[in-house]
Amino acid sequence: MSGTTNHRRYRIILRGECQQLLTEDILEEFVVESCRGWTCIVASVRDESELYGLLDRFQEFALHIVSLNELGSDVLRPRAAVGGDW
């Protein structure tokens, strides 16, 4: 296997404003924003195993995943990914 890593970026929308819970415990390296009853996370993961591990953590906190979308590499902020007015 080569030294390069192909990270995949995902936008995950959770029901409820849980930004503080997530940033303090499991998501220091991800972009997390809460607004209007939703939390949006933009995460870069190495592989499916890391993605499923992240999703398992949400389940441990009993958080409801509303959507999960793979993003292109040009998306930098959650607001750009969801139109900025969510």
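Q: In which helix does Leu21 lie?

A: Leu21 lies in helix H1, residues 19-25. Before we go further, a word on the model: it is predicted, so local features need pLDDT of at least 70 and side-chain atom pairs count only at pLDDT 80 or more, while totals for chains, interfaces and linings use all residues. Residues are numbered from 1 along each chain as its sequence is written, and side-chain values use heavy atoms, with hydrogens and water left out.

Back to Leu21. Leu21 counts as partly exposed because its relative accessible area is 37%; buried means under 20%, exposed over 50%, and partly exposed in between, with a 1.4 Å probe and protein chains only. Leu21 and Phe61 are 40 residues apart in sequence, and their C-alpha atoms are 9.2 Å apart in space.

Now for the wider setting. The protein chain has three helices and four strands, where helices (H or I, at least four residues) and strands (E, at least two) are DSSP runs numbered from the N terminus. Read from the N terminus on, the elements run β-α-β-β-α-β-α.

The four strands form an open sheet in the order E2-E3-E1-E4, with antiparallel pairing; two strands pair if DSSP finds at least two bridges between them. Strand E2 (31-35) and strand E4 (65-71) are the edge strands, each pairing on one side only. From one strand to the next, the twist averages 15 degrees. E1 and E3 run antiparallel and are joined by eight bridges; Arg9, for instance, has Ser44 in E3 as its bridge partner. Helix H2 packs on the sheet, touching E1, E3 and E4, and its direction makes about 15 degrees with that of E1. Such axes are lines fitted to C-alpha atoms, for helices over the stretch in contact, and angles run from 0 to 180 degrees between N-to-C directions.

E2 and E3 also run antiparallel, joined by five bridges, and Glu33 has Cys40 in E3 as its bridge partner. The hairpin of these two strands has two residues between them. Arg36 is found in this loop between E2 and E3, with a positive phi of about 55 degrees although it is not a glycine. Arg36 counts as exposed because its relative accessible area is 61%. Ala62, in the loop between H2 and E4, also has a positive phi, of about 60 degrees, and is not a glycine either. Its relative accessible area of 68% is why Ala62 counts as exposed. Most residues other than glycine have a negative phi.

Finally, let's look inside. The largest nonpolar core has 15 residues, and Ile12, Leu14, Leu22, Ile41, Leu54, Phe58 and Leu63 have the most contacts inside it. Here a nonpolar core is a set of buried Ala, Val, Leu, Ile, Met, Phe, Trp, Tyr and Cys residues joined through side-chain atoms within 4.5 Å. Strand E1 (8-15), strand E3 (38-45) and helix H2 (48-60) each give two or more residues to this core, and H2 gives the most, with four. Leaving aside neighbours within four places in sequence, Leu63 is in contact (heavy atoms within 4.5 Å) with Leu14, Cys18, Leu22 and Phe58. Of the 86 residues of the protein chain, 34% count as buried.
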